Amino acid sequence: CMEEPAADAPSPDLFNLICNAVIQVALYVPFLVIYITLPRRGLPRVPLHKTLLLIIGGLMLMYLPAQLLDSAGFTQFLVEKTGCPEQQDVVETLQNGPVDVKVMMLIMAVIIAPITEECCFRGFVYNILKQKSSPVAAALASAALFSSVHASLAQCVQLFIFGLVQCYMYEKTRSLRIPIILHILFNAISSVFLLTM
């Protein structure tokens, strides 16, 4: 569990966030290159109506379990038992930081993270694990890895479900387009909710 920051800890400044964004992109570029160079099966494009249904269904599969877990008190139970903060540091900064920092964090959350993380966890990790095992085992392992890198024990189950849904969407379409769109929408909706709380 990550330590909760001190109450008077300064929020990250714009320069640090830009540096973090550049580093994140640089770290994920190899996964993007590998994904782009993977051989394709030449599957037909998913029709627009099916794309919309997958996106709506995917959002429901991501949000409903999270709401059920919160309503059942599971998240609060994890917080109390582990002592981990309920919210990640980025959430606190997004709600209370200066405007320029909020804008940069929104760019990172809504643009950079969805593209880089999907290329890494669905485009690369899932595909590599699937070659060594079954699609189900690969989805479980990549979702667990995706959940763990976010370092939020209180949200680990929700993030694990998120990872599973994304693997399903990738497997269903054999493209990162829908997982990236879903990730963008999920982060955008969550960010708007946090900013208006």
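Here are some notes on the fold, the core and the aromatic pairs of this predicted model.

1. Ground rules. Local features rest on pLDDT of at least 70 and side-chain atom pairs on pLDDT 80 or more, while totals for chains, interfaces and linings take in all residues. Residues are numbered from 1 along each chain as its sequence is written, and side-chain values use heavy atoms, with hydrogens and water left out.

2. Overall make-up. The protein chain has eight helices and zero strands, so the pattern along the sequence reads α-α-α-α-α-α-α-α (DSSP runs numbered from the N terminus: helices are H or I, at least four residues; strands are E, at least two). Of its 197 residues, 38% count as buried (under 20% relative accessible area; exposed is over 50% and partly exposed in between, with a 1.4 Å probe and protein chains only). Among contacts (heavy atoms within 4.5 Å) between residues at least 6 apart in sequence, 77% join residues at least 24 apart.

3. The core. The largest nonpolar core has 19 residues, and M62, F121, M169, I178 and L182 have the most contacts inside it. Such a core is a set of buried Ala, Val, Leu, Ile, Met, Phe, Trp, Tyr and Cys residues joined through side-chain atoms within 4.5 Å. Two or more residues each come from helix 2 (48–71), helix 5 (99–132), helix 7 (156–173) and helix 8 (177–195). Have a look at L182: setting aside residues up to four places away in sequence, L182 touches L54, I55, G58, L59, M62, Q166 and M169.

4. Helix 7 against helix 8. The two axes come within 8 Å and cross at roughly 150° (lines fitted to C-alpha atoms, for helices over the stretch in contact; angles run from 0 to 180 degrees between N-to-C directions). From helix 7, F162, Q166, M169, Y170 and T173 meet I178, P179, L182, H183 and F186 of helix 8. The residues of this contact split into seven nonpolar, three polar and no charged. Here Ala, Val, Leu, Ile, Met, Phe, Trp, Tyr, Cys and Pro count as nonpolar, Asp, Glu, Lys and Arg as charged, and the others, Gly among them, as polar.

5. Aromatic pairs. There are five in the structure (ring centres of Phe, Tyr or the six-membered ring of Trp within 6.5 Å; planes under 30 degrees apart are stacked, over 60 edge-to-face, the rest tilted). One of them is Y126 with Y170, edge-to-face at 5.9 Å centre to centre and 85° between the planes. Y126 is in helix 5 and Y170 in helix 7, so this pair ties together parts 44 residues apart in sequence. Y126 is buried at 2% relative accessible area, and Y170 is buried at 2%.

6. The F162 and F186 pair. Their ring centres are 4.9 Å apart with planes at 65°, so this pair is edge-to-face. F162 sits in helix 7 and F186 in helix 8, 24 residues apart, and both are buried. Ring pairs also join Y63, F121, F146, F162 and F186 into a cluster. Over the ring of F146 sits the charged end of R122, 4.5 Å from the ring centre (NZ of Lys or CZ of Arg within 6 Å of the centre and within 35 degrees of the ring normal).

7. Two more residues. T51, in helix 2, is buried at 4% relative accessibility. Leaving aside neighbours within four places in sequence, T51 contacts V46, R177 and I178. A137 lies in helix 6 (residues 135–149) and is partly exposed, at 34% relative accessible area.
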